[in-house]
Amino acid sequence: MGAMSDMPVREEAAGIRRFWEALSLPGLVDVHTHFMPERVLRKVWEYFDKLGPLTGGMEWPIAYRHEEAERAALLREFGVRAFTSMLYPHKPGMARWLNGWAADFAGRTPDCLHTATLYPEPGVEAYVREAVEAGARVLKAHVQVGAYDPADELLDPAWGLLADAGVPVVIHCGSGPAPGRHTGPEPIARVLARHPRLRLVVAHMGMPEYEEFLGLAERYGQVRLDTTMAFTDFSEGFMPFPRRALPRLAALGDRVVLGSDFPNIPYPYVHQLHALERLGLGEEWLRAVCHDNAAELFDL
Ligand SMILES: [Zn+2]
């Protein structure tokens with residue numbers, strides 16, 4: 001992968017545009033990008049730099065370490081029509097503040113889908129309701145960093161209200177790049193048993209429990225998977241997607257959505273797109289995944 005920062009931005013953007021233009025798409029929709037308060041993002045970057053345990057000890061050079069406005073401008077140059085501001089608390093008392101920031105960010109960034117988050121704590125139902133009433137269009141939950149059981153009863157009313165409102169929740173619940181106390185398919189299966197219509201978007205294709213999470217998507221019609229970091233050289237090197245599951249991935253072509261983890265990725269953005277293309281599932285599958293599925297989900 002080497003020193004990707006050497007690639008001129010214009011050249012990179014042109015490559016990305018060629019990708020979606022060749023598919024006759026109006027652009028990309030990326031459901032998994034990170035924008036958060038500056039000092040929180042700095043801490044996340046420091047964590048990756050120090051190879052904190054949740055990175056799985058992987059060398060993780062952040063490719064897009066730019067100022068906020070520059071990062072948003074870059075996504076526009078890539079032709080990303082809509083993106084998100086995935087943010088998440090690692091402790092109680094933080095989600096409401098993050099939600100305030102995200103509402104403000106969405107207000108000044110029209111192509112960012114208004115994002116909110118949650119944590120199992122008293123008051124969670126009330127602030128999730130406030131966020132939805134204020135126009136939140138997607139939530140982010142991070143079971144690994146938050147180190148909570150997603151089936152915690154404190155979250156139950158919030159899942160119920162999100163299921164009723166049809167607001168998707170991008171949830172990092174797989175055990176990659178490193179497992180957490182409550183990661184893996186089992187706690188999510190318990191959430192879905194209680195809220196079968198909840199629009200969960202399993203981040204990172206559920207890496208490394210790909211097949212178990214495909215199974216949940218096959219069982220529950222509102223479960224989707226985001227491609228974030230999956231199928232890339234980086235992830236295939238330590239958590240490869242099993243080739244035998246490709247037919248199931250092809251069959252779920254209406255439930256897979258593009259995610260990238262921009263800007264916190266150790267390779268250029270276009271690599272995620274090429275990683276999808278080289279699966280060999282065809283142009284129709286790529287069109288659905290890179291744009292149409294998320295455009296429909298978010299009514300774009
Ligand atoms: Zn992420």
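Two bridges join strand E2 (residues 80-84) to E3, and the two strands run parallel. Helices (H or I, at least four residues) and strands (E, at least two) are DSSP runs, numbered from the N terminus. The model is a predicted one: local features need pLDDT of at least 70, side-chain atom pairs count only at pLDDT 80 or more, and totals for chains, interfaces and linings use all residues. Residues are numbered from 1 along each chain as its sequence is written.

## Sheets

E2 and E3 belong to an open sheet of three strands, ordered E1-E2-E3, in which the pairing is parallel. Strands are taken to pair if DSSP finds at least two bridges between them. The edge strands are E1 and strand E3 (112-113), each of which pairs on one side only. E1 and E2 pair in the parallel sense, over two bridges. Burial is judged by counting other C-beta atoms, placed from the backbone, within 10 Å of a residue's own: 20 or more for buried, 12 or fewer for exposed, and partly exposed in between. By this criterion E2 is mostly covered, since four of its five residues are buried.

A second open sheet contains six strands in the order E4-E5-E6-E7-E8-E9, again with parallel pairing. Strand E4 (115-117) and E9 stand at its edges with a single partner strand each, so one side of each is left without a neighbour in the sheet. Strand E8 (residues 224-226) is joined to E9 by two bridges, and these strands run parallel.

| Residue | Opposite residue | Strand of opposite residue |
|---|---|---|
| Leu28 | Val80 | E2 |
| Thr84 | Leu113 | E3 |
| Leu225 | Val256 | E9 |

In a regular strand the side chains alternate between the two faces of the sheet.

## Packing of H5 and H7

Two packed helices are described by the angle between their axes and the distance between the axes. Helix H5 (residues 124-133) and helix H7 (residues 156-165) pack at an angle of about 20°, and their axes are 8 Å apart. H5 is therefore roughly parallel to H7. Axes are lines fitted to C-alpha atoms, for helices over the stretch in contact, and angles run from 0 to 180 degrees between N-to-C directions. Angles under 35 degrees count as roughly parallel, over 145 as roughly antiparallel, 65 to 115 as roughly perpendicular and the rest as oblique.

Which residues of H5 and H7 meet? Val124, Glu125, Val128, Arg129 and Val132 in H5 meet Pro157, Ala158, Leu161, Leu162 and Ala165 in H7; residues are in contact if their C-beta atoms, placed from the backbone, lie within 7 Å. The residues of this contact divide into eight nonpolar, no polar and two charged. In this classification Ala, Val, Leu, Ile, Met, Phe, Trp, Tyr, Cys and Pro count as nonpolar, Asp, Glu, Lys and Arg as charged, and the others, Gly among them, as polar.

## Backbone features in loops

Met207 and Pro208 are joined by a cis peptide bond, with omega about 0°. Pro208 is found in the loop between strand E7 (200-202) and helix H9 (210-219). Met205 lies in the loop between E7 and H9 as well, and has a positive phi of about 55° although it is not a glycine. Met205 is buried, with 27 other C-beta atoms within 10 Å.

A cis peptide bond also joins Phe262 and Pro263, with omega about 5°. Pro263 is placed in the loop between strand E9 (256-257) and helix H12 (269-277).

Ser24, in the loop between helix H1 (9-22) and strand E1 (28-29), has a phi near 60°, a positive value in a residue other than glycine. Ser24 counts as exposed because it has 8 C-beta neighbours inside 10 Å.

Ala13 lies in helix H1 and counts as partly exposed, with 18 C-beta neighbours inside 10 Å. Leaving aside its neighbours within four places in sequence, Ala13 is in contact with Glu77 and Phe78. The C-alpha atoms of Ala13 and Glu77 are separated by 5.9 Å, while the two residues are 64 residues apart along the chain.

Definitions and conventions
Two residues are in contact if their C-beta atoms, placed from the backbone, lie within 7 Å.
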